Amino acid sequence: MSASYQLSSCIEWQFTEAGELDARLRSAKAAGFDLAEFHLWRDKPVDALAQALTDTGMRLTGVCVDPRRSIVDPAEREEMVAAVRETIAATAKLGKPDLIVASGFRVEGMSEEEHFANAVTALRAAADAAEEAGVTLLLEPLNTRLFAIMYLVSTKLGLDLVEAVNSPNLRLLYDVWHSAVMGEDMAEVLAGRIHLVAHVQVADMDDRNEPGTGTLDWAAVMQTLDDLGYSGAIGLEYFPTLPMDQSLALTRQKLGC
């Protein structure tokens, strides 16, 4: 199993004892990270984060498009594309990180074909904005346990959308935990399409904690990524149950990184 993957700390949920997000970034650096990620940006200290990135030399692997708007509801399309453009502008000082896009909820009475077509239209417009700015969008499938009426809860559907949009600036974020909740076979859903995946996130089953605290076979997960040829970073998007030094030691052991 390869040990070449760089790990990215989700400072939204990790190093919380440090306080504000910029302080968490500095704590992550002290713990050996060069990469980090977080969720929404509008309530975050963006200028202080920019300074912390400069001071530490760290890089952000992902920030969520904020506000979240639907890619399948035509009534929200204009707001969705505007949110992408605003997030691109706001995060430019953070080094132009990849921007994470969720799908929004299903629209009652809308067919599967209409959902798909609307999603492609919205994502194509968003991808055009990303291409202009030199930014990559990451489309993230979630799960029905947390989001019962979310449209995008399938890795296959997410990859189908990325292929349909056909932009080098739109890729998939594959979350091992969301995929496991949905009962997907990781090797099967990613086979032949790993080139469309730009980021992978991990957490253990069932409770989304650090690898080694649940039921997933992490040696098999990492071997599958190796076999498929994944070469990106691994985002540690989990809720730690242990002090961070112990949590990271267990995670590194399980992931072989």
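User: What makes strand S3 (residues 59–64) mostly covered?

Analyst: In S3, 5 of its 6 residues are buried. Buried means under 20% relative accessible area, with exposed over 50% and partly exposed in between (1.4 Å probe, protein chains only). Strands (E, at least two residues) and helices (H or I, at least four) are DSSP runs, numbered from the N terminus. This is a predicted model: local features need pLDDT of at least 70, side-chain atom pairs count only at pLDDT 80 or more, and totals for chains, interfaces and linings use all residues. Residues are numbered from 1 along each chain as its sequence is written, and side-chain values use heavy atoms, with hydrogens and water left out.

User: How do you know that strand S2 (residues 35–37) pairs with S3?

Analyst: Pairing requires that DSSP finds at least two bridges between two strands. S2 and S3 have 3 bridges and run parallel. Ala-36 stands opposite Leu-60 in S3.

User: What pairs S3 with strand S4 (residues 99–101)?

Analyst: They are joined in the parallel sense over 2 bridges. Cys-64 stands opposite Ile-100 in S4.

User: Why are helix H3 (residues 77–91) and helix H4 (residues 112–133) called roughly parallel?

Analyst: Their axes come within 10 Å and cross at roughly 25 degrees. Angles under 35 degrees count as roughly parallel, over 145 as roughly antiparallel, 65 to 115 as roughly perpendicular and the rest as oblique. H3 and H4 are therefore roughly parallel.

User: Which residues of H3 make the contact with H4?

Analyst: Contact means heavy atoms within 4.5 Å. On H3, the residues are Arg-77, Met-80, Val-81, Val-84, Arg-85 and Ile-88. H4 contributes residues including Asn-118, Leu-123 and Glu-132.

Note on methods
Axes fitted to C-alpha atoms, helices over the stretch in contact; angles between N-to-C directions.
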